[in-house]
Amino acid sequence: TSEEKERIAWIQSQPWSATVKDAAIRRQPMPGLNTGVVKQVLGPPMRITRLRAPTKVDEEHWFYKDGSVLIFLNGLLTKVDKPEKN
């Protein structure tokens, strides 16, 4: 689709390494990306849960349709939990 072509063109135009670009094209976000970039790569999540710890670290959990949960600390992706495939 034209939307997918635009997404790939945007990814290719970024100043990222070939490894990060390849993962983004395959819709596999890498730790270290910020929330805006992840939205460009995967689209918006179905739901976001925000937690605020006493240490003033903002934590967000983004939930996607495929069961993936992305965990952000202070706006940067730190962990991707994917559902196990049987």
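This note reviews the strands, the salt bridges and the confidence of a predicted model.

1. Basis of the model. Residues are numbered from 1 along each chain as its sequence is written, and side-chain values use heavy atoms, with hydrogens and water left out. Because the model is predicted, local features need pLDDT of at least 70 and side-chain atom pairs count only at pLDDT 80 or more, whereas totals for chains, interfaces and linings use all residues.

2. Confidence. The score pLDDT is the predictor's confidence in each residue, from 0 to 100. The protein chain averages 88 on this scale, and 95% of the residues score at least 70. Confidence is highest in strand 3, at 94, and lowest in helix 2 (residues 18-25), at a mean of 88. Helices (H or I, at least four residues) and strands (E, at least two) are DSSP runs, numbered from the N terminus.

3. Four strands form an open sheet in the order 1-2-3-4, with antiparallel pairing. Strand 1 and strand 4 (76-81) are the edge strands, each of which pairs on one side only. From one strand to the next, the twist averages 20 degrees; for such angles, axes are lines fitted to C-alpha atoms (for helices, over the stretch in contact), and the angles run from 0 to 180 degrees between N-to-C directions.

4. Pairing of the strands. Two strands count as paired if DSSP finds at least two bridges between them. Strand 1 (residues 47-52) and strand 2 (residues 58-63) run antiparallel and are joined by six bridges. Five bridges join strand 2 to strand 3 (residues 69-73), again in the antiparallel sense. Strand 3 and strand 4 are also antiparallel, with five bridges; here Leu 70 has Val 80 in strand 4 as its bridge partner.

5. The hairpin. Strand 2 and strand 3 form a hairpin with five residues between them. In its turn, Gly 67 has a positive phi of about 95 degrees.

6. Glu 60 and its partners. Glu 60 in strand 2 stands opposite Arg 50, and its bridge partner in strand 3 is Phe 72. Arg 50 and Glu 60 also form a salt bridge (a side-chain nitrogen of Lys or Arg within 4 Å of a carboxyl oxygen of Asp or Glu), with the closest N and O atoms 3.0 Å apart. This pair links distant parts of the chain, Arg 50 in strand 1 and Glu 60 in strand 2, 10 residues apart. Arg 50 is exposed, with a relative accessible area of 59%, whereas Glu 60 is buried at 19%. Buried means under 20% relative accessible area, exposed over 50%, and partly exposed in between (1.4 Å probe, protein chains only).

7. The salt-bridge network. By the rule above, the count comes to five salt bridges. Glu 4, Arg 7 and Arg 27 are linked in a network of them. Glu 4 and Arg 7 form a salt bridge with the closest N and O atoms 2.9 Å apart. These two residues are separated by about one helical turn because they lie three residues apart in helix 1 (residues 2-12). Glu 4 also meets Arg 27 in a salt bridge of 2.7 Å, N to O. That pair links distant parts of the chain, 23 residues apart: Arg 27 is in the loop between helix 2 and helix 3 (35-42), and Glu 4 is in helix 1.

8. Arg 7 counts as buried, at 9% relative accessibility. Glu 4 is partly exposed, at 26%, and Arg 27 is partly exposed, at 34%.
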